[in-house]
Amino acid sequence: MKKFAFSLERVLDYKRQMLEMLENELLRLEEEQMGLELQIEEKNREFGVTGRALAEKMSRGLQPHRIAAYQGYLEELNRCANLLLERRRAVLERAEAKREEIVRMNGDISGLERLRDRQFAQYLALGRKQQEVLIEEFIGRAGVRAG
């Protein structure tokens, strides 16, 4: 009996490679998200520190052009933080789409693996059947020679 060969083995290998690529892309997106989180925290911290410094200096008396400079800087920090939040939202959306692709790919792989397992079980059953036939033929021939 010839060796078992799953006809869709190449497809299964390809899907596994694609799954690995998708998982790597998801990791990269998660790392990017964490980096954005850190940048957002830094901008918020800087905004708080600068806001407190402005309030303190205003309480002691600060020239209007200096107040305007502080306010401009605070607006820029706020704008940067909002841009980072938007980038983080986009990364989260892309990561969620990747997760969905990974789930679909896992389903495809599982389906192919189940098909391979069923075909292998059929192959083994056929092998057993062929061995039984050979044994019966051998016993039948041995009985004819002995009789």
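The legends below describe close-up views of a predicted model.

**Figure 1. Overall fold of the predicted protein.** The chain forms 2 helices and 0 strands. Helix α1 covers residues 9-60 and helix α2 covers residues 64-146. The C-alpha trace spans about 125 × 20 × 15 Å along its principal axes. The radius of gyration is 34 Å, whereas a compact globule of 147 residues would have one near 15 Å. Of contacts between residues at least 6 apart in sequence, 86% join residues at least 24 apart.

**Figure 2. Surface and charge of the protein.** The protein exposes about 11100 Å², and carbon and sulfur atoms supply 56% of that area. Of its 147 residues, 18% count as buried. There are 27 positive and 26 negative side chains, and the centres of these two sets lie 3 Å apart. Side chains of opposite charge can pair when their charged atoms come close. The count of salt bridges comes to 16.

**Figure 3. Salt bridge between Lys 98 and Glu 25.** The closest N and O atoms of Lys 98 and Glu 25 are 2.5 Å apart. Because Lys 98 lies in helix α2 and Glu 25 in helix α1, the pair ties together parts that are 73 residues apart in sequence. Lys 98 has a relative accessibility of 16% and therefore counts as buried, the limit being under 20%. Glu 25, at 27% relative accessibility, counts as partly exposed.

**Figure 4. Salt bridge between Glu 32 and Arg 94.** In this pair the closest N and O atoms are 3.6 Å apart. Glu 32 belongs to helix α1 and Arg 94 to helix α2, so that the bridge links distant parts of the chain, 62 residues apart. Both partners are partly exposed: Glu 32 has a relative accessible area of 26%, and Arg 94 has one of 40%.

**Figure 5. Salt bridge between Arg 89 and Glu 93 within helix α2.** The closest N and O atoms of Arg 89 and Glu 93 are 2.2 Å apart. The two residues are 4 apart in helix α2, which means that about one helical turn separates them. Arg 89 counts as partly exposed at 38% relative accessibility. Glu 93 also counts as partly exposed, at 47%.

**Figure 6. Salt-bridge network of Asp 13, Arg 16 and Glu 113.** Salt bridges link these three residues, Asp 13, Arg 16 and Glu 113, in a network. Asp 13 and Arg 16 fall within the residue range of helix α1, 9-60, and Glu 113 within that of helix α2, 64-146.

Conventions
Residues numbered from 1 in each chain as written. Predicted model: local features only at pLDDT ≥ 70, side-chain atom pairs only at ≥ 80, totals over all residues. Heavy atoms only, no water. Rg over C-alpha atoms; globule rule 2.2 N^0.38 Å. Buried < 20%, exposed > 50% of the residue type's maximum accessible area, 1.4 Å probe, protein only. Contact = heavy atoms within 4.5 Å. Areas by Shrake-Rupley, 256 points an atom, 1.4 Å probe, with all protein chains shown as cover. Lys, Arg positive; Asp, Glu negative; His and termini not counted. Charge placed at Lys NZ, Arg CZ, Asp CG, Glu CD. Salt bridge = Lys/Arg side-chain N within 4 Å of Asp/Glu carboxyl O.
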